[in-house]
Amino acid sequence: MESLKYLLIPMVLSVVLTPIIKVIAIRLQVYAQMNERTIHQGKIVRIGGVAIYVSFLICMALFVKTDMTTNGILIGASIMFLGGLIDDMINLKPCYKLLFEVVAAVVLITIGSVSLDTIRLPFGIVIDWGIVSFIVTFIWIIGITNAVNLMDGLDGLAGGVSTIILIVIACLAVMDGRMDIQIMALLLAGATLGCLFFNWHPASIFIGDCGALFLGFIISAISLNGFKSSTIMTLALPILLLMLPIIDTLGAILRRKLSGHKFSEADKKHIHHLLMQRFGHRNTVIILYIVTALFGFTAYIYLVNKTTGLFVLSLIVLVVEVFIEISGMISKQYHPLLSIGRLMTRKVLHWISKHKQTQ
């Protein structure tokens with residue numbers, strides 16, 4: 001019950017602040033642009049992330065004693081938020097957005113000392129990466145930050161998925177004895193949930209890049225910092241929790257690479273776009289919430305029983321892979337699993353036919 005205040009107080013604060021931010025954004029005319037790949041209609045303000053950011057910072061000041069790691073996370077996240085806010089207002093070029101991400105990541109690693117120094121594998125195997133840890137940590141931060149941002153394509157999707165991930169992180173942090181991570185995760189989840197009331201379909205405000213990049217950055221930082229000293233596989237839980245945005249991002253990279261397009265060129269072939277064609281806007285968001293929750297539940301199972309957790313994970317990944325191949329998310333020619341399935345089916349049918357003839 002004590003933990004509920006870390007969720008409810010920032011949520012209430014965010015609920016109060018979001019309409020105020022909306023009024024300010026309308027006066028500043030900070031609206032989401034409409035083009036061939038957007039799905040919204042009319043003028044909708046796009047800086048709802050400001051309410052998330054302010055609510056989170058206020059509650060962090062109230063409930064958390066800061067140290068160098070926390071300061072590194074907050075300073076880096078603030079830089080990331082600022083870059084997103086500027087982009088929401090004047091549309092930065094991708095290279096300038098990347099510059100903000102690079103600076104924020106460097107701040108997190110240097111000031112916050114958040115880095116993946118070692119990889120812990122089963123059977124007590126520990127790999128010390130040394131200087132390579134900086135590169136791996138840097139890629140993780142940039143990758144997850146952009147992965148969450150790429151999911152911000154439907155009303156309530158990025159915010160809702162982030163909230164689920166943060167709540168799961170908070171629960172797992174309790175099991176791992178990391179109360180600092182639990183509190184930070186719950187505070188951000190509450191702040192995001194408050195804005196989500198207005199961002200749910202049909203949205204009256206978008207969280208914008210200032211919200212999505214900020215969420216992605218914080219999630220990348222606390223997921224890495226929260227489990228890097230765990231006795232389980234170091235990146236197993238963070239990767240598992242963030243499996244949906246990771247799959248979506250890797251799919252986008254492969255798809256655009258194979259088609260000869262730049263990664264910065266947006267399209268409408270993300271998982272949420274493909275699902276929406278069949279299930280509609282709101283149902284697609286709910287489906288992706290459930291998938292994210294399933295990955296989170298699998299992470300919990302993995303902590304309790306690794307064999308069962310890996311089995312459940314394999315089933316979920318199998319279903320996702322089949323969906324990717326059927327939908328043509330990467331390309332119409334990408335269907336390795338289905339090809340193997342068809343080949344095996346033909347061989348089985350051929351064997352059955354041959355067996356009948358011999359009888």
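The axes of helix H6 (residues 157-175) and helix H12 (residues 281-304) come within 9 Å in this predicted model and cross at roughly 15°. Helices are DSSP runs of H or I with at least four residues, numbered from the N terminus. Axes are lines fitted to C-alpha atoms over the stretch in contact, and angles run from 0 to 180 degrees between N-to-C directions. H6 and H12 are therefore roughly parallel, a label for angles under 35 degrees. The crossing of H6 with H12 is right-handed: the near helix is turned clockwise from the far one by less than a right angle. On the H6 side, the contact (heavy atoms within 4.5 Å) involves Leu157, Gly160, Val161, Ile164, Ile165, Val168, Leu172 and Met175. Their partners in H12 include Val285, Leu288, Tyr289, Thr292 and Gly296. By class, 14 of these contact residues are nonpolar, three polar and none charged. Here Ala, Val, Leu, Ile, Met, Phe, Trp, Tyr, Cys and Pro count as nonpolar, Asp, Glu, Lys and Arg as charged, and the others, Gly among them, as polar. An α-helix has 3.6 residues a turn, so residues three or four places apart point the same way.

The model is predicted: local features need pLDDT of at least 70, side-chain atom pairs count only at pLDDT 80 or more, and totals for chains, interfaces and linings use all residues. Residues are numbered from 1 along each chain as its sequence is written, and side-chain values use heavy atoms, with hydrogens and water left out.

A second pair is formed by H1 (residues 4-28) and H2 (residues 49-63), whose axes come within 8 Å and cross at roughly 140°. H1 and H2 are therefore oblique to each other. This crossing is also right-handed. H1 contributes Lys5, Tyr6, Ile9 and Pro10, among others, and H2 contributes residues including Val50, Ala51, Cys59 and Phe63. The contact of H1 with H2 has 13 nonpolar, three polar and one charged residues.

Helix H3 covers residues 68-90. At 1.5 Å a residue its 23 residues should span 33 Å, and its end C-alpha atoms are 33 Å apart, which agrees. At the start of H3, a side-chain oxygen of aspartate 67 comes within 3.2 Å of the backbone nitrogen of threonine 69. Asparagine 91 follows H3 and lies in the loop between H3 and helix H4 (94-110). Its phi is positive, about 60°, although asparagine 91 is not a glycine.

The peptide bond from histidine 201 to proline 202 is cis, with omega near -5°. Proline 202 sits in the loop between helix H7 (179-199) and helix H8 (208-227). Most residues other than glycine have a negative phi, and most peptide bonds are trans.

Note on methods. Helices (H or I, at least four residues) and strands (E, at least two) are DSSP runs, numbered from the N terminus. Angles under 35 degrees count as roughly parallel, over 145 as roughly antiparallel, 65 to 115 as roughly perpendicular and the rest as oblique. The expected span of a helix is 1.5 Å times one less than its number of residues. A polar contact is a pair of N or O atoms within 3.5 Å; within protein, one must be able to donate a hydrogen and the other to accept it, and residues adjacent in sequence count only if both atoms are side-chain atoms.
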